[in-house]
Amino acid sequence: MDNFLLLVLCVLFILLAGFLIFYFQTQQNFKEITEKLEEIQHPHTGPRSSESLKHELAIQHDVLVLLEADISKNKRESLSEAELQSFDVARHKIKACIAGLKANGDWIGLPYEYEWVEMLERLPNVLSLYRKAEAEKQARELAANAGSDAGNNAGS
């Protein structure tokens, strides 16, 4: 009876050790995958100084603030294609700068520095017109897809 109990305990110990090894191995793999995804989403062209990142962040934020001021001043109802593209470029660069500052350990956060979402909250006109333009673009794409699907079905 004592040998059987000892055998069961050894088997349980081996299973526990195997589970712990599996758990820590998968955690390491998840960490590597996360780092690779971060690298893909926010490619770094090498280590940049925090000052250059803050300067780039300020420049891109100013682009959006000037666009917001222009929209407010002229009471426009849409964004031009160039403005939509500059919004996308600014979004990408701002997110990359924030990621770089966080990687350097120089990210302060609120109330001194804003995340992308917090910046957008302070640009309501730009955000609403951008969303409107994106919705219209998606509607056109859906209509084009529906038209091509109807043409394909009629031709069959």
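Asp-70, Arg-76 and Glu-83 are linked in the predicted model by a network of salt bridges, a salt bridge being a side-chain nitrogen of Lys or Arg within 4 Å of a carboxyl oxygen of Asp or Glu. The structure is a predicted model, in which local features need pLDDT of at least 70 and side-chain atom pairs count only at pLDDT 80 or more, while totals for chains, interfaces and linings use all residues. Residues are numbered from 1 along each chain as its sequence is written, and side-chain values use heavy atoms, with hydrogens and water left out.

Glu-83 is buried, with a relative accessible area of 16%, whereas Arg-76 is partly exposed at 24%; here buried means under 20% relative accessible area, exposed over 50%, and partly exposed in between, with a 1.4 Å probe and protein chains only.

A search of the whole structure finds four salt bridges. One of them joins Glu-56 to Lys-93, the closest N and O atoms being 3.9 Å apart, and this pair links distant parts of the chain, with Glu-56 in helix 2 and Lys-93 in helix 3, 37 residues apart. Helices are DSSP runs of H or I with at least four residues, numbered from the N terminus. Glu-56 counts as buried at 18% relative accessibility, while Lys-93 is partly exposed at 35%. Arg-91 and Asp-88 also form a salt bridge, with their closest N and O atoms 3.3 Å apart, and both residues lie in helix 3, three residues apart, about one turn of the helix.

Lys-93 is also in contact with Gln-60, as are Ala-90 and Ile-94, when the neighbours of Gln-60 within four places in sequence are left aside; contact means heavy atoms within 4.5 Å. Gln-60 is found in helix 2 (residues 50-74) and is buried, with a relative accessible area of 8%.

The largest nonpolar core has 22 residues, and those with the most contacts inside it include Leu-57, Phe-87 and Ile-94. Such a core is a set of buried Ala, Val, Leu, Ile, Met, Phe, Trp, Tyr and Cys residues joined through side-chain atoms within 4.5 Å. The largest share of this core, seven residues, comes from helix 3. Not counting residues up to four places away in sequence, Phe-87 touches Leu-64, Trp-116, Leu-120, Val-126 and Tyr-130.

Conventions: Helix = DSSP H or I, 4+ residues; strand = E, 2+ residues; numbered from the N terminus.
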